[in-house]
Amino acid sequence: SWTEILGGDGGATEVDFVNPNTIYMEYVNLAIFKTTNGGSSYFKAMNGIPTGSNYWDGTTDRVLFIAPFVMDPNNSQTLYAGTYRIFKTTNGAANWTAVSGDLTNSTNQHISTIAVAKGNSNIVYVGTTNGRVLVSTDAGANWTLVNSGLPNLYVTRVAIYKQNPAIAVATFSGYSSGAKVYKTTNSGQSWTNISGNLPNIPANCAFINPNNPDHIVVGMDLGVFVTTNNGTSWERQ
């Protein structure tokens, strides 16, 4: 059985892996809420993120309708949230601080995905709706653009290999010609198209086997596809 603890258009959700009674939930426009009692009650947790005056208002920043926020897999007190810039909390959303400027380099684009490396909190990848991928090697203090060779398409996800955060896979949306899945082995300094025989449709998410960086699962508009040979061939599952 399931109990709804926050209604409306659902967004991202993060459960504290140290204390699962603490849950972070999102309403539209990055309206972040937190419960510390498993959902019996909740409160708005946006101190430091510009927001409207009404309780259900999200941020006044330029932001996706459903915006990304993620928990650091190494420290449940640290979370990142994205508008056109990155906000970070290190105290369980008691307060947030902007740790970047405009990472989209545009007046009408948004941050679309955020990923923190498991095993190394210093490594954070960000993707935007206009094809920009950036990486921080100091937990968000500085950001480097690493999209050389990538398509100018909506970045849907960055998946980081658990045993080596220099290895990552980026997926892209859109129906224009060109690949939708790319991989780096050098922290984004270069990317390789590993789309192989995948159909030319939006790729929405990816997962790398934590014990084998050549075994990758990608969720696409037409189903789940898997490669065990680093993208040389894919099978629909």
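1. Let me start with T97, which counts as partly exposed at 47% relative accessibility (buried is under 20% relative accessible area, exposed over 50%, partly exposed in between, using a 1.4 Å probe and protein chains only). T97 sits in strand β8, residues 97-98; strands here are DSSP runs of E with at least two residues, helices are runs of H or I with at least four, and both are numbered from the N terminus. Leaving aside neighbours within four places in sequence, T97 is in contact with I86, F87 and K88, where contact means heavy atoms within 4.5 Å. As for T144, 47 residues away along the chain, its C-alpha atom is separated from that of T97 by 19 Å.

2. Housekeeping before going on. This is a predicted model, in which local features need pLDDT of at least 70 and side-chain atom pairs count only at pLDDT 80 or more, while totals for chains, interfaces and linings use all residues. Residues are numbered from 1 along each chain as its sequence is written, and side-chain values use heavy atoms, with hydrogens and water left out.

3. G8 is 106 residues from I114 in sequence and 23 Å from it in space, C-alpha to C-alpha.

4. Now the aromatics. A search of the whole structure turns up seven aromatic pairs (ring centres of Phe, Tyr or Trp, the last by its six-membered ring, within 6.5 Å; planes under 30 degrees apart are stacked, over 60 edge-to-face, the rest tilted). F33 and Y42 make an edge-to-face pair, 5.9 Å centre to centre with 80° between the planes. F33 is buried at 0% relative accessible area, whereas Y42 is partly exposed at 29%. Y55 and W56 are also edge-to-face, at 5.3 Å centre to centre and 80° between the planes. Y27, F33, Y42, Y55 and W56 form one aromatic cluster.

5. Y55 and W56 turn up again on the surface: together with F43 they form a nonpolar patch with about 300 Å² of accessible area. Patches take residues with over 30% relative accessible area and no salt bridge, joining like charges within 9 Å and nonpolar side chains (Val, Leu, Ile, Met, Phe, Trp, Tyr) within 5 Å; the areas are Shrake-Rupley values with a 1.4 Å probe, and for residues only the protein chains shown count as cover. Y55 lies in the loop between β4 (43-44) and β5 (69-72). Y55 is partly exposed at 39% relative accessibility, and W56 is partly exposed at 38%.

6. On charges, there are three salt bridges (a side-chain nitrogen of Lys or Arg within 4 Å of a carboxyl oxygen of Asp or Glu). R85 and D61 meet at 2.8 Å, N to O. R85 is in the loop between β6 (75-82) and β7 (86-89) and D61 in the loop between β4 and β5, so the pair ties together parts 24 residues apart in sequence. Both R85 and D61 are buried.

7. The salt bridge of D102 and R62 comes in at 3.1 Å, N to O. D102 is in the loop between β8 and β9 and R62 in the loop between β4 and β5, 40 residues apart. D102 is partly exposed at 33% relative accessibility, and R62 is partly exposed at 22%.
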